[in-house]
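Hi,

Here's the structure I promised to pass along.

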Amino acid sequence: MTPLADLADPVPGGRPGDVERATALSGELSGAGVQGVVLAHVDTAGVCRVKTIPTARLASAAAWGVGMSPVFDTFLANDHIVATDVLGSPDGDLRLYPDLGRLVVLAGQPGWAWAPVDRVTQDGERHPGCSRTFLRRVVADAARAHGLAFKAGIEIEWAVGLDSAPAGEFVPATSGPAYGATRQVELSAYTADLLAACAAQGVDVDQVHPEYAPGQFEISVGALDPVAAADRSVLVRQTIRAVAQRHGLRVSFSPAVVAEGVGNGGHVHLSAWRDGTNLHAGGERRHGMTADAEAFAAGVLARLPALTAVTAPSPASYLRLKPSQWAGVFTAWGLETRECAVRLVRGTAGRRAEQANLEVKPVDLAANPYLALGCLIAAGLDGLASGAALPQETDGDPARLDADEAAARGVRRLPTSLAGAVAAFRADEVLRAALGPVLADAVTAVRQGEIDAVDGLDDERVAAAYRWKY
């Protein structure tokens with residue numbers, strides 16, 4: 001079964017027609033052998049948390065939601081709980097409302113369907129800590145204030161290990177070299193089933209291939225509007241895990257599966273559109289960008305130190321964010337330059353009007369995709385509103401620049417620790433205002449909790465602590 005047709009923006013407390021639609025879906029799903037529905041949201045720490053319901057309860061969930069505590073806004077990756085002035089207590093309740101337009105039968109988990117949720121208060125108000133609601137609001141504000149729409153895609157890199165490995169350890173499931181045909185053959189049955197599952201779920205895959213690190217693979221999927229792109233990222237990772245388990249494999253999306261070497265990224269591709277036209281192509285500025293596209297890119301570039309608290313939110317993220325490893329650890333931009341934090345992708349000649357986009361590289365899969373996309377767009381919109389200018393572009397590796405060259409291009413090293421990123425985030429009024437006080441405080445509290453959780457651990461133990469969390 002392919003994903004059901006998209007519906008309008010969900011309304012808290014149920015939407016006219018949802019109950020009838022859910023009742024019909026319940027019968028359709030039951031007839032297809034689906035026993036339960038996974039209701040998924042991503043917490044502030046970047047962990048996907050779920051509740052599940054019998055298929056027969058779908059209409060009830062559409063009408064009244066499913067209860068879940070707001071305490072998950074301040075869960076850490078290790079399941080410890082921190083608190084802000086309004087979040088983290090045992091009090092209160094929320095309702096999870098499934099987005100029926102995103103409901104899909106899980107091809108990798110027979111008997112199950114999946115849907116993302118919006119979190120709503122008991123009184124029918126939008127929960128200010130709901131990251132999916134935050135992203136939807138940022139996108140709506142961009143349309144209203146600037147006439148903009150966006151297309152986004154999130155690359156997914158993961159390490160494949162043997163499920164039979166000693167508890168907690170990572171043993172690569174492949175022996176072949178990076179990008180090698182040997183590695184592709186070794187896991188060809190797994191990746192073929194993964195492609196089949198994605199196709200059955202209506203996920204259009206651009207490519208799947210062996211990557212650089214031991215046992216590492218990457219999948220790239222088609223771009224969608226930002227909310228749908230974030231939903232798709234969560235769904236594809238659910239599918240990668242499920243298919244792997246059926247093949248006796250275990251997967252890790254952690255930024256650093258081991259302490260040394262190249263880690264797993266979650267690079268974001270993002271393009272801004274107005275009236276159906278891609279602003280990153282066909283313009284009169286550098287490399288075909290329009291003035292608005294340049295200003296948007298400049299806004300993202302300027303706020304990257306603070307953004308890393310959202311896009312690289314784990315202590316393990318900073319084991320990955322190292323120079324000369326294509327992780328993009330400098331505030332530099334360039335045309336097709338994979339060492340720059342912001343890479344302009346022009347696309348293939350003849351298709352640039354549809355393909356041109358910005359790739360933001362210091363992003364990993366510990367990030368909540370709704371928070372990451374929302375904050376990136378908010379940063380870009382601030383650049384657009386202020387008429388920000390891009391500095392001189394960088395080619396090659398920014399690490400090679402001497403101090404004077406780096407200063408002339410505005411090239412700075414991004415934070416080298418989560419503590420440094422949090423300090424930059426605390427000082428960034430634009431990002432905090434975009435998130436609102438409840439979400440912004442949750443971000444800082446959870447990040448500080450993660451910092452405290454690994455205090456005194458060496459790099460190997462930090463990598464081990466987060467290896468199987470994401």
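Below are my notes on pockets, cavities, a few strands and helices, and the cysteines.

Some housekeeping before that. This is a predicted model, in which local features need pLDDT of at least 70 and side-chain atom pairs count only at pLDDT 80 or more, while totals for chains, interfaces and linings use all residues. Residues are numbered from 1 along each chain as its sequence is written, and side-chain values use heavy atoms, with hydrogens and water left out.

**Pockets**

The search runs on a 1 Å grid over the protein atoms alone: a pocket is an open set of points with protein on both sides within 12 Å along at least five of seven lines, a cavity is a set where a 1.4 Å probe fits but cannot get out, and lining residues have an atom within 4 Å of a point. Grid points are joined across faces, edges and corners, and a volume is the space filled by probe spheres set on the points.

The largest pocket comes out at about 1,000 Å³. Its lining has 42 residues, and those nearest the centre are E155, S220, H269, R343 and E359. Elements here are DSSP runs numbered from the N terminus, with helices being H or I of at least four residues and strands E of at least two. Those that each put at least two residues into this lining are β7 (149–154), β9 (205–210), β10 (216–221), β12 (268–274), β15 (342–345), α10 (352–355) and β16 (357–360). By class the lining has 13 nonpolar, 16 polar and 13 charged residues. For those classes, Ala, Val, Leu, Ile, Met, Phe, Trp, Tyr, Cys and Pro are nonpolar, Asp, Glu, Lys and Arg are charged, and the others, Gly among them, are polar.

The second largest pocket holds about 520 Å³. It is lined by 23 residues, with R237, Q238, R241, V251 and Y470 closest to its centre. Two or more lining residues come from each of β2 (48–54), α6 (226–246) and β11 (249–252), and α6 has the largest share, at eight residues. This lining splits into 11 nonpolar, five polar and seven charged residues.

**Cavities**

There are five cavities of 30 Å³ or more.

**Around β12**

How covered is β12? Six of its seven residues are buried, buried being under 20% relative accessible area with a 1.4 Å probe and protein chains only. Strands count as paired if DSSP finds at least two bridges between them. β12 runs antiparallel to β7, with six bridges, and there H269 sits opposite G153. It also runs antiparallel to β16, with three bridges, where L270 faces L358. β12 and β13 (residues 277–278) pair antiparallel too, over two bridges, with R274 partnered by T277. The β12–β13 hairpin has two residues between the strands, and D275 there takes a positive phi near 55°.

**Helices**

α7 (residues 291–302) has 12 residues and reaches 16 Å from first C-alpha to last, close to the 16 Å expected at 1.5 Å a residue; the expected span is 1.5 Å times one less than the number of residues. Nine of the 12 residues in α7 are buried, including E294, F296 and G299.

F425 lies in α13 (residues 418–426) and is buried, at 1% relative accessible area. Its C-alpha is 20 Å from that of A77, 348 residues away along the chain.

**Cysteines**

How many disulfides does the whole structure have? The search finds zero, taking a disulfide as a pair of cysteine sulfur atoms within 2.5 Å. For C198, the nearest cysteine sulfur is that of C48, 16 Å away. C198 is buried, with a relative accessible area of 0%. For C375, the nearest is the sulfur of C130, at 14 Å. C375 is likewise buried, at 0%.

Cheers

Note on methods:
Buried < 20%, exposed > 50% of the residue type's maximum accessible area, 1.4 Å probe, protein only.
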